[in-house]
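Please examine the structure shown below.

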Amino acid sequence: MSDRFTGSFTQQEPIPEDAIDAAVAVLRHGRLHRYNLAPGETGEVALLEQEFARFTGARYCLAVASGGYALATALRALGVVPGQPVLTNAFTLAPVPGAIASLGARPVFVETTADLVIDLGHLARRIAETGARVLTLSHMRGHICDMAALMAICDAAGVTVIEDCAHTMGAAWNGTPSGRHGAMGCYSTQTYKHLNSGEGGLILSDDPTLMARAILLSGSYMMYDRHRAAPPPEAFEGLVAEVPNVSGRMDALRAAILRPQLARLPDRVARWNRLYRAVEAGLAGAPGIALIDRPEAEGFVGSSFQFRLPDFRPDRIADFIRRCAARGVDLKWFGAPAPAGFTSRYAHWAWAAPEPLPQTDQVLAGLIDLRLPLTFTPDDCARIARIIREEATAG
Ligand SMILES: *Cc1c(COP(=O)(O)O)cnc(C)c1O
């Protein structure tokens, strides 16, 4: 019982040496702005866009300042206007409804299932009730819903889907990369996601008009011809005078450290999933602990782990969290009365005037979350699971 874990749940791996070299090269030549190019130079940002488009099979890619900016830009490119209802998951991170609110649009939250994905029955009802024509689908904590069923509902109702892939970069549904099902896919390269540039975002689309708008919105001035994963110049004609510059580009320094990390992403995904499976194996069959089902069709990235304590009362969960923390295991609780750290839930977002969602409330009340940074080993994960198991059964 005295077993204690000493690793840090917030310590990511260092930036790889070749990425540091690439960053130093950018610092030495000083051309950090994406459009500040020497004759014949493509630039780190355009190369990153080209490489991420190739990695996902997308026609077009745009690198931007953050994941939240990527989502807001996708919504602007779709022409979302103030007051317009935009559907999104009740279980997501605050910047997702925040991106909707940044346009003056109105987030409409959809219920969450016990497997932590959007409730498709409730989605269909909300579409019918609100007449919403846009869904910002958040693959929160890397859990992907039945994308074929979701797209069938949305296509039939004329709802355009924007995917929030902050936790699913490198993941897939039935072999199709996450972010390639909807009209646009948005990613984050913030430190806690799957590639680390401190802050940053990426947008994918196959639609030339949407991507031309997104590029103009990001602040391309008249230099969109310097992009390499962009639609042809004709796609921009007629848009230049219509689309405002909502400046939010990515710079060459961040792109320089992302490119070598992108090359390692498949290897990172495999390592994350070994960590995930080690925690899962360690918690399997533990009394009182409900694990989250991972469907066959879901190619996930196990960069974090969730489980539920469906029969625990709030005071027992708070006590369990305290006892795990005393043994070095930092857990997040989505049912905590007040938001803590990165963890808030829809009911805390009073600015969005959320309506009560009893099913989501019930799921989140017992939902526990832990990060699995790649600085952990499978042995670390087995120890973490042992501590969680002991404390969950001790209380
Ligand atoms: C991090 C995150 C975002 C936003 O990304 P930033 O780069 O931090 O703006 C969006 N959605 C989810 C689910 C996230 O976790």
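In this predicted model, Lys 193 is found in the loop that joins strand E8 (184–188) to strand E9 (201–205). The UniProt record, an unreviewed entry, assigns the feature "active site" to Lys 193. Is this residue buried or exposed? The relative accessible area of Lys 193 is 10%, and because buried means under 20%, Lys 193 counts as buried. Leaving aside residues up to four places away in sequence, Lys 193 touches Ala 166, His 167, Ser 188 and Trp 272.

The largest pocket has a volume of about 210 Å³. Which residues are the closest to its centre? Among the 20 residues of the lining, they are Gly 68, Pro 95, Ala 166, Ser 188 and Lys 193. Ala 166 and Ser 188 are also among the residues that Lys 193 touches. At least two lining residues come from each of helix H3 (67–77), helix H4 (95–102) and E8. Sorted by class, the lining of the largest pocket comprises nine polar, eight nonpolar and three charged residues.

The second largest pocket has a volume of about 180 Å³. Its lining includes Arg 308, Leu 309, Phe 312, Ile 317 and Gln 359. Helix H10 (314–326) and helix H11 (358–365) each contribute at least two residues to this lining, and H11 provides the largest share, four residues. By class, the lining of the second largest pocket consists of seven nonpolar residues, three polar residues and one charged residue.

Methods: Residues numbered from 1 in each chain as written. Predicted model: local features only at pLDDT ≥ 70, side-chain atom pairs only at ≥ 80, totals over all residues. Heavy atoms only, no water. UniProt positions renumbered as here; feature names shortened; annotations may be inferred. Buried < 20%, exposed > 50% of the residue type's maximum accessible area, 1.4 Å probe, protein only. Contact = heavy atoms within 4.5 Å. 1 Å grid on protein atoms, 1.4 Å probe; cavity = no way out; pocket = protein on both sides within 12 Å on 5 of 7 lines; lining within 4 Å. Points joined across faces, edges and corners; volume = space filled by probe spheres on them. Nonpolar A, V, L, I, M, F, W, Y, C, P; charged D, E, K, R; others polar.
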